[in-house]
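Please keep the sequence and the model in view while reading.

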Amino acid sequence: MEEAGMSGRSEKKAYKGQSITVTFEARRCLHAAECIHGLPEVFDTARRPWIQPDGAAADRLADVVPRCPSGALQYELADGGTETPD
């Protein structure tokens with residue numbers, strides 16, 4: 001019998017802020033901590049939720065999220081703009 005939950009599917013969790021939504025896909029995370037070092041006021045693993053998009057300006061988040069080497073973090077701006085991975 002297969003367990004419910006993490007069954008090989010990619011599960012993205014969305015953290016919605018006023019002007020930006022950050023998504024996180026835990027199974028892709030390499031724990032490089034680029035997010036935590038880049039914006040500790042937004043990304044804090046000791047807090048719940050650990051991502052608080054309103055902790056910094058959306059443009060700062062849009063600069064830090066692409067530093068994630070695994071692509072586990074992505075964002076979408078409220079006005080429809082998105083990050084496009086290379």
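E25 is buried, at 6% relative accessibility (buried is under 20% relative accessible area, exposed over 50%, partly exposed in between; 1.4 Å probe, protein chains only). Its side chain meets that of R28 in a salt bridge, 3.9 Å from N to O. The term asks for a side-chain nitrogen of Lys or Arg within 4 Å of a carboxyl oxygen of Asp or Glu. R28 is partly exposed, at 36% relative accessibility.

The model is predicted: local features need pLDDT of at least 70, side-chain atom pairs count only at pLDDT 80 or more, and totals for chains, interfaces and linings use all residues. Residues are numbered from 1 along each chain as its sequence is written, and side-chain values use heavy atoms, with hydrogens and water left out.

## The other salt bridge

How many salt bridges does the structure hold? There are 2. Besides the R28 and E25 pair, the side chains of E41 and R60 meet at 3.1 Å, N to O. E41 sits in the loop between α1 (34-38) and α2 (58-64), and R60 is in helix α2, so this pair ties together parts 19 residues apart in sequence. Helices (H or I, at least four residues) and strands (E, at least two) are DSSP runs, numbered from the N terminus.

Both ends of this pair have intermediate accessibility. E41 is partly exposed, with a relative accessible area of 30%. R60 is partly exposed too, with 39%.

## The sheet

The strands form an open sheet of 3, in the order β1-β2-β3, with antiparallel pairing. Its edge strands are β1 and β3 (73-77), each pairing on one side only. Neighbouring strands are turned by 25° against each other on average, direction ignored. Axes here are lines fitted to C-alpha atoms, for helices over the stretch in contact; angles run from 0 to 180 degrees between N-to-C directions.

Strands β1 (residues 12-16) and β2 (residues 20-25) run antiparallel and are joined by 5 bridges. Two strands pair if DSSP finds at least two bridges between them. The two form a hairpin with 3 residues between them. A14 has T23 as its bridge partner in β2. K16 has T21.

## Around T21

Is T21 buried or exposed? T21 is buried, with a relative accessible area of 17%. This residue lies in strand β2. T21 touches A14, Y15, K16, Q74, Y75 and E76, leaving aside residues up to four places away in sequence. Contact means heavy atoms within 4.5 Å.
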